[in-house]
Amino acid sequence: METYKFHKTDCGVDFLLNVVHLESADGTYLKKVPFNTDFFEVVFFKKGNGQLILNHQQIELADNSIVFISPSQKRQWHFEENKEQDFTILLFQEDFLNEFFADKLFTYKLLYFYQLHFPVNMMVDKPLIQNYCTFLTEIKNELTHTKADSVHIIRSLLYYILQKLNREYATRNHLDLEKENNHYAFQFRQLIEVHIKDKQRVGDYAEMLGISRISLNTAVKEQFNVTATHLLKQRLLLEIKNYLIHSKLTVSEIAYKLNFSEPNHLMRFFKSQTGMTTSKFLSDSEHQLYSQ
């Protein structure tokens with residue numbers, strides 16, 4: 001499966017950030033093939049017709065909707081032929097954004113990214129989607145016609161867009177915005193993305209953070225309304241699913257890569273989380289793929 005890498009924008013400053021409209025896209029979003037990227041994407045649909053398969057979840061594309069995609073997430077676009085599509089994509093790399101706002105956890109505080117429990121899309125009013133697209137056009141103009149103060153304008157517009165989206169997402173899904181002094185929950189999310197293949201115990205992460213397992217679980221529960229164990233298991237499950245679908249590895253090889261002591265342990269874990277065997281999951285996934 002192909003991974004699309006970020007290309008620096010053609011401007012006077014090195015921004016790992018870009019705004020791409022459907023008309024200038026390279027065709028990636030029109031292909032019915034699975035791929036992933038090394039950058040974040042927020043896709044703003046004025047007009048949307050079709051489906052997106054994102055990490056094994058089918059999302060119906062619709063007018064006046066927004067889709068949030070995190071790095072390395074596997075996706076497949078299925079646009080309906082002869083139907084109008086009109087969308088604009090905001091994309092950026094994680095390290096750039098965290099440095100841009102001087103907050104190494106910035107992307108992990110945006111509740112719609114690395115999301116495992118709530119929708120990764122949302123409907124908005126038509127005037128609101130238009131406002132976002134207007135701001136995106138301003139960012140694009142600053143990127144292509146860079147001036148001395150462009151970085152300040154881009155930073156303010158980008159911060160406004162991402163934080164307004166975060167507030168709206170939190171309200172719709174009854175989530176709390178960042179609580180004071182609750183960085184451990186976001187650090188936990190960050191560490192999971194880095195270490196999920198070799199560390200699957202909450203205690204391992206508590207040790208890395210220098211706090212007790214109880215303190216970590218309390219922080220995660222307060223911030224995300226789920227336990228640390230649940231969050232960790234769901235992320236591990238996603239990793240297994242991705243290996244099953246997008247690699248040619250056997251269950252035994254996947255178990256070895258993910259630090260299970262034996263394949264049976266992986267299969268028992270998978271069934272306890274999904275209610276189905278790995279074979280049934282693969283069969284259902286292939287049926288879903290070929291029915292598109």
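Reply: One term to begin with: two strands count as paired if DSSP finds at least two bridges between them. Also, this is a predicted model.

Me: what about β10, how many bridges join β7 to that?
Reply: There are 3 bridges between β7 and β10, which covers residues 121-123, and these strands also run antiparallel. Val 67 stands opposite Asn 121 of β10.

Me: which residues of β7 point which way?
Reply: Ser 65, Val 67 and Ile 69 point one way, while Ile 66 and Phe 68 point the other way. All of them are buried, so β7 is mostly covered, with 5 of its 5 residues buried.

Me: changing topic. where does Ser 70 lie?
Reply: Ser 70 is in the loop between β7 (65-69) and β8 (75-79).

Me: buried or exposed?
Reply: Ser 70 is buried, because its relative accessible area is 1% and the cut-off for buried is under 20%.

Me: what is Ser 70 in contact with, leaving aside neighbours within four places in sequence?
Reply: Ser 70 is in contact with Phe 39, Phe 40, Arg 75, Phe 113 and Tyr 114.

Me: which atom of Tyr 114 lies 2.8 Å from a polar atom of the Ser 70 side chain?
Reply: That is the backbone nitrogen of Tyr 114.

Note on methods:
Residues are numbered from 1 along each chain as its sequence is written. This is a predicted model: local features need pLDDT of at least 70, side-chain atom pairs count only at pLDDT 80 or more; totals for chains, interfaces and linings use all residues. Side-chain values use heavy atoms; hydrogens and water are left out. Helices (H or I, at least four residues) and strands (E, at least two) are DSSP runs, numbered from the N terminus. Buried means under 20% relative accessible area, exposed over 50%, partly exposed in between (1.4 Å probe, protein chains only). A polar contact is a pair of N or O atoms within 3.5 Å; within protein, one must be able to donate a hydrogen and the other to accept it, and residues adjacent in sequence count only if both atoms are side-chain atoms. Contact means heavy atoms within 4.5 Å.
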